[in-house]
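Below are my notes on the model, as numbered points. Please read them with the structure open.

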Amino acid sequence: MLPTRWASVRIFCNLFAAIIRVHSLLIAASVSLGIALLLPLTGFAEEVSAASGVGSASAVSATSAVSADTPASAVGAASAVGAVSPPVSTLDEMDPTRNYMSGKLESWARSIDSFFGDYRNYQESNDSVVQLDATQVIGYLGEPKYDFALNVKVSLPNTEKKLKILIETNPEDKTTSNSTNTQAGAVKPVTTPATIAAALRYEKAEAERWHFSTDGGIQLAGLASTPFVRARLSLAMPLDKWRMKVAESVFWFSSIGAGESTLLDFERQLNEKQLLRVSSNATWLNDKQNFDLSQSFSVFHALNERTALLYQIGASGVSRPQAQVTDYVILMTYRYRVHRKWVFFEISPQLHFPQVANYQASPLLSMRLEFLLDNTR
């Protein structure tokens, strides 16, 4: 047994070194892309300075007129630039960049993810987060199922919030699916007991533009405990009236082997209370030599400060042995803040069309009670 264990340790070390090399490439790519994004903004800043020298009073009046008459005022983009602005024609052309820089769409999307207890919020929040939920699933080809999930992230003191201690249930499932509490198909019948994992994470973020994290830990199972390593880089950028966000993850678990996952989001604020998100996810598992794929279209609707709705349609599938859709889903989620800012209840009627049932309609009802604590609660 000793040679086998040493062989496993060598494999683990080799994979960890390979992931570190991938980290370096991802960081270099993000820096290059960041420079490419900043150059146009530098030119724009010079134009603003030149315009202010010509006549700041006329620019102020132009800004007031635009903020009163254009849709950009709905998200407060004009206030982010300040009193001095270029002429109206240039202002119109720069609205998408100004909206992005004002952070209104970013903050709106983050508030939605925070309210729904989304896994994105847990992944990218730079503060301590505690998330505990109990879910009951009724229907969907079986008896009622119960699922308990725990996510804990605690910042270590004197580390400028860069080092975190993590405690999670079923980390391999969350990593391979880029799991979100609102993702179509995320609620599945429970077939195995939850596993607990502990890890140490390093995080680095630059405002709303990018977020990088890497962690290593152990899935706790007594003498059968196994190690894992993960790394994740996300980058956000404006696209006209949309915001695109890419998240790339690489990982290795002794239970499922090495793999990578790519999540691509396109977001647009429809109005002051609604957000549209189009999400695409592809996960490659080296041991299976297969892609797990998913696509969803979601509309988040904030009714008031205590209540929100989610409407979503989606599909999931695999690439081998042949490319095929394994499930379609239509769902609506009603989420209500029960107590203060940390106790939530949600109910989600869903209609699935799984391949195993010859794509016949299979209703599902999910009910969740969640305790969510972070720096805002």
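1. S177 is partly exposed, at a relative accessible area of 31%; the class lies between buried, under 20%, and exposed, over 50%, with a 1.4 Å probe and protein chains only. The residue belongs to helix 6, residues 171-177. Helices here are DSSP runs of H or I with at least four residues, strands are runs of E with at least two, and both are numbered from the N terminus. S177 and S261 are 84 residues apart in sequence, while their C-alpha atoms are 7.6 Å apart.

2. On provenance: this is a predicted model, in which local features need pLDDT of at least 70 and side-chain atom pairs count only at pLDDT 80 or more, whereas totals for chains, interfaces and linings use all residues. Residues are numbered from 1 along each chain as its sequence is written, and side-chain values use heavy atoms, with hydrogens and water left out.

3. Strand 5 covers residues 210-220 and includes S213. Is S213 buried or exposed? S213 is buried, with a relative accessible area of 2%. Leaving aside residues up to four places away in sequence, S213 touches R201, Y202, E203, R230, A231 and R232, where a contact means heavy atoms within 4.5 Å.

4. I218 is also found in strand 5, but I218 is partly exposed at 40%. Strand 3 (163-169), strand 4 (196-206) and strand 5 each give two or more residues to the patch.

5. L233 sits in strand 6, residues 226-239, and is buried at 10% relative accessibility. Its C-alpha atom is 9.8 Å from that of E203, 30 residues apart along the chain.

6. Strand 12 (residues 324-339) and strand 13 (residues 343-354) run antiparallel and are joined by ten bridges; pairing requires at least two DSSP bridges. R337 stands opposite F344 of strand 13. The two strands form a hairpin with three residues between them, and R340 in the turn has a positive phi of about 50°.

7. Strand 13 also pairs with strand 14 (residues 362-373), antiparallel and over ten bridges. There, Q350 has L364 in strand 14 as its bridge partner.
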